[in-house]
Amino acid sequence: MSNYTIIVDPLSTGQEYPAAFKEAGQVPVAVLSGLEPPPAYTTSWHPDDFEHVHYFTGDVEALASELRVYSPEYLVAGAESGVELCDQLTEILVPGTGNVPSLASARRDKWQMAQALSAAGVPRLRQFLTSDPAEAETWLKENDLLGKRLVIKPPKSAAGDEVYIVFEGGNWRERFDQVLGRTNKMGLTNDAVLIQEYADGTEYLVDSYSVDGVHSLVDVCRYTKVSRGDKIGIYHRIDFLAADDPEVLALWPYTQQVLDAVGIRVGCGHSEVMMTADGPRLIEVAARPAGGGHQMVSELATGDNHIKRTVAHRVRGEVRDSFDLVQHLRGIFISAVREGYFRNREVFADVESLKSFHWMKILHEEDAIVPETVDLFTCLAWVILIHSDAATLDDDYQRVLEMEAAIVIDTP
């Protein structure tokens, strides 16, 4: 077995891979999908974690030639920005061992995801990709969606970046024009806009790990998100569910169909699914570990996570078929309702006295200028509550909400 593990874009959650593979006796090798990381991931790029770093400059064959010296048996994608390059390199260096090559774009581009689901007969939300507002209006009329509630977003973004709701009778063209041509936080220019029917229901995160096309659960969470104005998808709360929970049993068969449809055969799957009145519907799926601090909370709730599952499989050949919920966990994403000076960090002074308190991270210092929370990247703080008693968890959650409501942010 090769002693080297190649990680494409070890950024965001992927920054946890180097230490995990080193602990398992491997030498991690970094491949960056550009000369610099995307803007959203700049602070998570730690080149000093690696003895060997390679950069993609546009010639994938040349990069593959550089990497052959490591005799790789597999490659892993650390972040969303590295998914496509990881697929390409895998097919060149260890052909036939990765995900389905012909469906590579369906694992990254939300429009191609929808097309792949349609081809496989998997129910999906109606959506349309275009750079032409006239084409968009025609499609909306043909599908009886003109004047209805819509979602507008880029085809390639992450963590809720530039995802907008257009309310009934609202001006969808305004948001269309705002998204089109803009450079998103992945460093990509939005050369087209995805228009999607609004899905009403409960949203879930379904994390999976696949080996030879057989999918297993890593964790499942129920999400609570909030809207502010026409900005949707602002993370607010996450609750971990047990593998035998009725909600999970209703989601998992559909999610496996999604994984098959987009060609995920090996490695991490990160699916966001809305349970609607018509059944489960995919929001999006990714072939990489869950981000946003999720690996830590997943391990706390289940004793396992995407990172550990990947290392166990790749290095030791260990495969699990599901997960155990070892303790009840609720994560809370604290929001800033406006941009401005964060004046009262002490509002959270008593949070550690809560019976279920486990951990908190405040991302800004007192009097710092903080951004308005519009997505996962712009949260003000995170709180994790863990307790065996559901009533205690609920009581402490309400106390955290009171703290959040007392935050003072002065307009600059």
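Reply: Let us begin with the term cavity: on a 1 Å grid over the protein atoms alone, a cavity is a set of points where a 1.4 Å probe fits but cannot get out, and its lining residues have an atom within 4 Å of a point. This is a predicted model, in which local features need pLDDT of at least 70 and side-chain atom pairs count only at pLDDT 80 or more, while totals for chains, interfaces and linings use all residues. Residues are numbered from 1 along each chain as its sequence is written, and side-chain values use heavy atoms, with hydrogens and water left out.

Me: Which residues line the second largest cavity?

Reply: Its lining consists of K110, M113, A114, L117, R124, Q127, Q196, L282 and I283. Two or more residues come from each of α4 (110–120) and β13 (279–286), where helices (H or I, at least four residues) and strands (E, at least two) are DSSP runs numbered from the N terminus. The largest contribution, 4 residues, is that of α4. The volume of this second largest cavity is about 50 Å³, a volume being the space filled by probe spheres set on the points, with grid points joined across faces, edges and corners.

Me: How many cavities of 30 Å³ or more are there, and where does the largest cavity lie?

Reply: Rolling a probe the size of a water molecule over the atoms shows where empty space is left. Here the count is 4 cavities of 30 Å³ or more, and the largest cavity holds about 220 Å³. Of the 20 residues lining the largest cavity, L75, V76, A77, N99 and V266 lie nearest its centre. The largest cavity lies between domain 1 (4–98) and domain 3 (201–410), because both give residues to its lining; the domain bounds come from an automatic or database domain assignment. The largest share of that lining, 4 residues, belongs to α3.

Me: How should I read the ring pair of W172 and F176?

Reply: A pair of aromatic rings is described by the distance of the centres and the angle of the planes. Rings of Phe, Tyr and Trp (its six-membered ring) pair if their centres lie within 6.5 Å, and planes under 30 degrees apart count as stacked, over 60 as edge-to-face and the rest as tilted. The search of the whole structure finds 8 aromatic pairs. For W172 and F176 the ring centres are 6.0 Å apart and the planes stand at 90 degrees, so this pair is edge-to-face. Ring pairs also link Y17, F21 and Y74 into a cluster.

Key
1 Å grid on protein atoms, 1.4 Å probe; cavity = no way out; pocket = protein on both sides within 12 Å on 5 of 7 lines; lining within 4 Å.
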